[in-house]
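Colleague: I am new to reading protein models. Could you walk me through this one, step by step?

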Amino acid sequence: MTELSILTQRRIEAAFARTVYEEMAAEFGPEAARGVLARAVIGMAKATAAEMAKQARPGQSSLDGFRAILPRWTAEDALTIDIVTSTATEFHFNVTRCRYAEMYRDMGLADLGAILSCNRDGAFCDGYAPDLKLERTQTILGGASHCDFRYRIVPDTGPE
């Protein structure tokens, strides 16, 4: 069985999510519908990440494991990435072209694109490894020229 690219998978999910969102918005209002959709997408991202983490090589750091699966998101030229920093504890890059954003706009879902896609990124870290953190201050879907992804290993220091 051929595995779908993430770009193709997101297109299918977005078409389904649109219909569910429209029904929820009509019943409960747009704000409540967006909240439900956001929580569902975050839950999916964490579950997917946990499954991918299980497939990582034993002894591999969470950041190295993450770098190894990045090609899944860039398949089909889905993302154009400029790497800024790549060390044992940091992986920083800018996305200068995002076909996910283009796809959501083409589908008339630009207003939900951040919930359906950008929203997943930090949640993915939570599900993948507790020491992997993302800082991002801007996105293409939010109107910026690029998305600034800054991943870091932040060791857990225990209870404060």
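**Strands, helices and loops**

Modeller: In the antiparallel sense, strand 3 and strand 4 (residues 147-153) pair over 4 bridges. Strands here are DSSP runs (E, at least two residues), helices are H or I runs of at least four, and both are numbered from the N terminus. Two strands pair if DSSP finds at least two bridges between them. This is a predicted model: local features need pLDDT of at least 70, side-chain atom pairs count only at pLDDT 80 or more, and totals for chains, interfaces and linings use all residues. Residues are numbered from 1 along each chain as its sequence is written, and side-chain values use heavy atoms, with hydrogens and water left out.

Colleague: Which residue in strand 4 is the bridge partner of Lys 133?

Modeller: Look at the pairing of strand 3 with strand 4, which is antiparallel. Lys 133 has its bridge partner in strand 4, and that partner is Arg 152.

Colleague: What is the order of the strands in the open sheet?

Modeller: The sheet has 4 strands, with antiparallel pairing. Strand 1 (79-86) and strand 3 (132-135) are the edge strands, as each pairs on one side only. From one strand to the next, the twist averages 25°. The order is 1-2-4-3.

Colleague: Helix 3 (residues 62-74) packs on the sheet; what angle does its direction make with that of strand 2 (90-98)?

Modeller: Helix 3 touches strand 1, strand 2, strand 3 and strand 4. Axes are lines fitted to C-alpha atoms, for helices over the stretch in contact, and angles run from 0 to 180 degrees between N-to-C directions. With strand 2, the direction of helix 3 makes about 10°.

Colleague: And helix 6, which also packs on the sheet: what angle does its direction make with that of strand 3?

Modeller: Helix 6 touches strand 3 and strand 4. Touching, or contact, means heavy atoms within 4.5 Å. The angle with strand 3 is about 170°.

Colleague: Are helix 2 and helix 6 parallel, antiparallel, perpendicular or oblique to each other?

Modeller: The axes of helix 2 (residues 30-54) and helix 6 (residues 120-128) come within 7 Å and cross at roughly 45°. Under 35 degrees counts as roughly parallel, over 145 as roughly antiparallel, 65 to 115 as roughly perpendicular, and the rest as oblique. Helix 2 and helix 6 are therefore oblique.

Colleague: How many nonpolar residues does the contact of helix 2 with helix 6 have?

Modeller: Helix 2 brings residues including Val 41, Ile 42 and Met 44, while helix 6 brings residues including Phe 124 and Tyr 128. Ala, Val, Leu, Ile, Met, Phe, Trp, Tyr, Cys and Pro count as nonpolar, Asp, Glu, Lys and Arg as charged, and the others, Gly among them, as polar. The contact has 2 polar and 3 charged residues, and its nonpolar residues number 11.

Colleague: How many charged residues are in the contact of helix 1 with helix 2?

Modeller: Helix 1 and helix 2 pack at about 145°, with axes 7 Å apart. Among the residues in contact are Glu 13 and Tyr 21 of helix 1, and Arg 34 and Leu 37 of helix 2. The division is 11 nonpolar, no polar and, for charged residues, 2.

Colleague: Is Thr 139 buried or exposed?

Modeller: Thr 139 sits in the loop between strand 3 and strand 4. Leaving aside neighbours within four places in sequence, Thr 139 contacts Cys 118, Ala 144, His 146 and Cys 147. Buried means under 20% relative accessible area, exposed over 50%, and partly exposed in between (1.4 Å probe, protein chains only). At a relative accessible area of 15%, Thr 139 is buried.

Colleague: What does Ala 144 count as, at 22% relative accessibility?

Modeller: Ala 144 also lies in the loop between strand 3 and strand 4. Not counting residues up to four places away in sequence, Ala 144 touches Gln 138 and Thr 139. Its 22% makes Ala 144 partly exposed.

Colleague: What is the relative accessible area of Asp 77?

Modeller: Asp 77 is found in the loop between helix 3 and strand 1. Although not a glycine, Asp 77 has a positive phi of about 55°. Asp 77 is exposed, and its relative accessible area is 60%.
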